[in-house]
Amino acid sequence: MELLSLLIWLPILGGGLVILVGNERADTARWLSVAISVLVFVMSLSLYTSFDSTTHLMQFVEKASWISQFNINYHIGVDGISMPLIILTTFSTILVIIAGWEVITRRTAHYMAAFLMMEGLIIGVFSSLDAILFYAFWEASLIPMLLIIGIWGGDNRVYAAIKFFLYTFLGSVMLLVSLIYMYTKGGSFSILDMHNLSLTAAEQAWIFWAFFVAFAVKVPMFPVHTWLPDAHVQAPTGGSVILAAIMLKMGGYGFFRFSLPITPDASLQFADVVIALSLIAIVYIGFVALVQRDMKKLIAYSSISHMGFVTLGVFALFFILKMGADGNIVSINGGSVEGALLGLEGAMVQMISHGFISAAMFLVVGVLYDRLHSREISTYGGVINSMPKFTGFAVLFAMANAGLPGTSGFVGEFMVILSALQANIWYAVLAATTLIVGAAYTLWMVKRVFWGSITNPAVETLNDINGREFFVLTILALAVLIMGLYPQPVIEVMHSSIDHLLNQALTSKL
Amino acid sequence: MMNTFQFDTTSLLVALPEIFLLSSIVVILLLDLFLTKGFKQVTYYLTQASLLMTGILSYSLIGQPETLIFGDSFVLDDMASVFKVFMMGSAMVAMVYSRHYLTQHDLFRGEYFVLVLLSILGMMVMVSGYSLLTLYLGLEILSLSLYTLIAIARKRSGAIEAALKYFVLGAIASGLLLYGMSMIYGISGSLNISEISAFASDANLASRETLIINFGLVFLVIGIAFKLGAVPFHMWVPDVYQGSPTSVTMFISTIPKIAAVAMLVRLLVDGLGSMHAYWSDLFMILALLSIALGSVVALMQTNIKRMLAYSTISHVGFVMLGFVTGVITGYGAATFYILVYVLMSLAAFGVIILLNKKGFEAEEISDYKGLSKSSPWFALMMLVVMLSMAGVPPFIGFYSKFFILQQVISAGFVTVAIIAVIFAVISAYYYLQIIKSMYFNDAEQELTIAAPMDMKLVLSINATLILVVGLFPDFWMKLALSLF
């Protein structure tokens, strides 16, 4: 097995091993899980170190025949778009496992195993180059999440788990139909072959919407976002973290890997719809977040709002550049290639940054929830008095969530807004309101939870974070700051791939 | 055109599995009379042994060139042999599960096993039948044994009702089928499938002849749809599933479906393949209605056997979609689907039977509450089965649906595929209900498992296969395709 295969199967098989260890030997299960996840993370780093960022071609490619009847292959590989997301996955999994250390006392081994297996499956999603292999990983990753929400979730967990599953299942079956349709046309399930498959305008439109349903549900975009607040509120902290940090990115990744290159003309045709929905998500959902009383719900809505930047950044390019008749890229309204690249790269940076920040925010809520078993904002107030260290972290992450310069939250949003400015001034203006609304709901929450005087006597007795929590939050704080101050390495690795993607998106298939 | 009947002892070798099984049935039936109460298990082991031997004999005939014997009324081809091997394997698994159920509910009798073997003999005749008469003969051997099997639990409330309902409706279906056969025979002048095929594909067919063939065809389709349990001929399915003892339900829902598909292939594909344009329209309607009704009505069930009955109806719809395509790969997809379905259905009923105890039948979905705590391994098995039935990868149920959808789309029915997948999502809801009960709810009653080791082992293998074959489906897909 080569590196990429190991990254997929080691956590899955490791998860099986952890189940065998059993719930009775919880400590062994914990240590084993953390060892596996750290090992996988370290191994995934060598994806980065030996990555060739000068090419858009797939790297670390492995290919073996799987279902020869349909020419379906076990074909995996990474490029600059998927590689950062894989590292994000391996990184987040460690945090989740450490964060669940002593919090999860019921069926501990199963809990850890579910996260490990999900890690492997999601890495599989990001590295599949065969559409059916992709679909298999994509769907299979629902199973551990279903169980995580349903078994370790809150009071209304059953409803949330089933809603989550059915929503995403409905979205993805359309994806399956369109993948099969493309196979009957082109005779190949290879995603790279699909990129070159010529499709008529009508076919592209159908396929685009089928993709859209699948990916928009995952992102989630307005108006198919309603499963997310339920799932987040009911999921255990670790589940929320993985959901926000990684699972949502699967939707964004889908737009990069499928929608733009496979249906470029339909993407152009419907870009305004997608942008409108993104802006609604950014502005309207931002306001919805403002009125939430439940901290997790607030962060869930804030996630939806922030993910709006991803789809905005992806589709803004169609208002900046177009393909001229002579095959050269020409600009619309004086936009530049750099502007379009900013949008796409900003979307990628936003995905990674949101992975850090949303993970951190959910962990912050998790820390409070573990102590007082309440997610209501009104339960708290004056937490700084009893938990000064914790408040420091919380405020930092809140600032990052609000998009303060110097934190990773700023970079992606700023890049996307700059790009939107070239597309249409109003897109930029509307998107920029998030800097105000986002600051409003985040800081208002901080004010009500952390500042002020203590109204609830239970808050007075809170213990500040322990070493384990401190460790997890420190790592995330470092990630947020490094990404905010020096995002260049991340942008560099994806540059060639994004550049290639831009060409694919602008090249008409008609 | 009458074939001269030439009896040749070597031709008997072609029917060796059937002959062996029939002889075993006679031996077991007689022997069982002389077994005292303490030795009743001998019947069980003899049954398993004869199933195994029949399976081996059938296996040894795989790869033989297509041979017709008994005046061309009995065929040996790869489809027949492979189906027989699968039927024997499934039957052996079903018998392992049944034994536990029968001992727990005081139904352990020699007749039970003899009837099972007889019905399997009927199915083997159906699978190999190459004339209208043999097919009908096989069907009746199967059906009559099944009616009696249900009624064997005469103390069980609903069993007699189920048996009678099955008998009356099954008799009507047989009648319709026979009527259709008489039409076909009347116009083509032959009972033989290949002669019917030659007659029906004649380009100079008068419109009057086409009309009569079509008339008969409609009745054949109804008869087959009835046996498969496709909507609107599905009324018997939920009641029979619920009323029968669970081990019989398991049997009815699995192996006879393979035989029904085989009969479908013999009659409609081998015999009236040239009339495909006519019967595929009928199948399309039946298939979509089955998928829709099976998925929607199952949502309201609280009894797991009824739920699985509706789930079967929707699975049958998918199988029929494979036949709508009218291409060999489509038939292969349908065959693959039915074999996969049998594997999944066996495991599902296996778990239900596993939880059976004296005086307790795990028939309500709420009976599964908290199973993941008291028995995590078997809860996991049920999880695998349910997700597989819902068509979630990487389990085998996904690939069978995928194969069908791929064929349906490449035949140009994209809308049909979209309708089918939407209902597949709806049906996922009720499979999730079982998972919900097992994993998300706490137990209301103590769930202990009294099943013997052999049953646990076989069930584990059965469910694990759903995952393993799912990870490596290539061989099975190729096998299913090679049968046509």
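**Loops and overall fold of a predicted model**

B:Asp106 is exposed, with 10 other C-beta atoms within 10 Å; a residue counts as exposed at 12 or fewer such atoms, buried at 20 or more, and partly exposed in between, with C-beta atoms placed from the backbone. Although B:Asp106 is not a glycine, its phi is positive, about 55°. Its place is the loop between α4 (78-104) and α5 (110-128) of chain B.

Before I continue, a word on conventions. This is a predicted model, in which local features need pLDDT of at least 70 and side-chain atom pairs count only at pLDDT 80 or more, while totals for chains, interfaces and linings use all residues. Residues are numbered from 1 along each chain as its sequence is written, and chains are lettered from A and ligands numbered from 1 in the order in which they are written.

Let me turn to chain B as a whole. It has 20 helices and 2 strands, which are DSSP runs numbered from the N terminus (helices: H or I, at least four residues; strands: E, at least two). Of its 484 residues, 60% count as buried. The C-alpha trace of chain B spans about 70 × 60 × 40 Å along its principal axes.

Chain B also contains a cis peptide bond, from B:Pro393 to B:Pro394, with omega near 5°. B:Pro394 sits in the loop between α16 (376-390) and α17 (396-410).

Finally, chain A. A:Asn71, in the loop between β1 (59-67) and β2 (72-78), has a positive phi of about 55° without being a glycine. A:Asn71 is partly exposed, with 16 other C-beta atoms within 10 Å.
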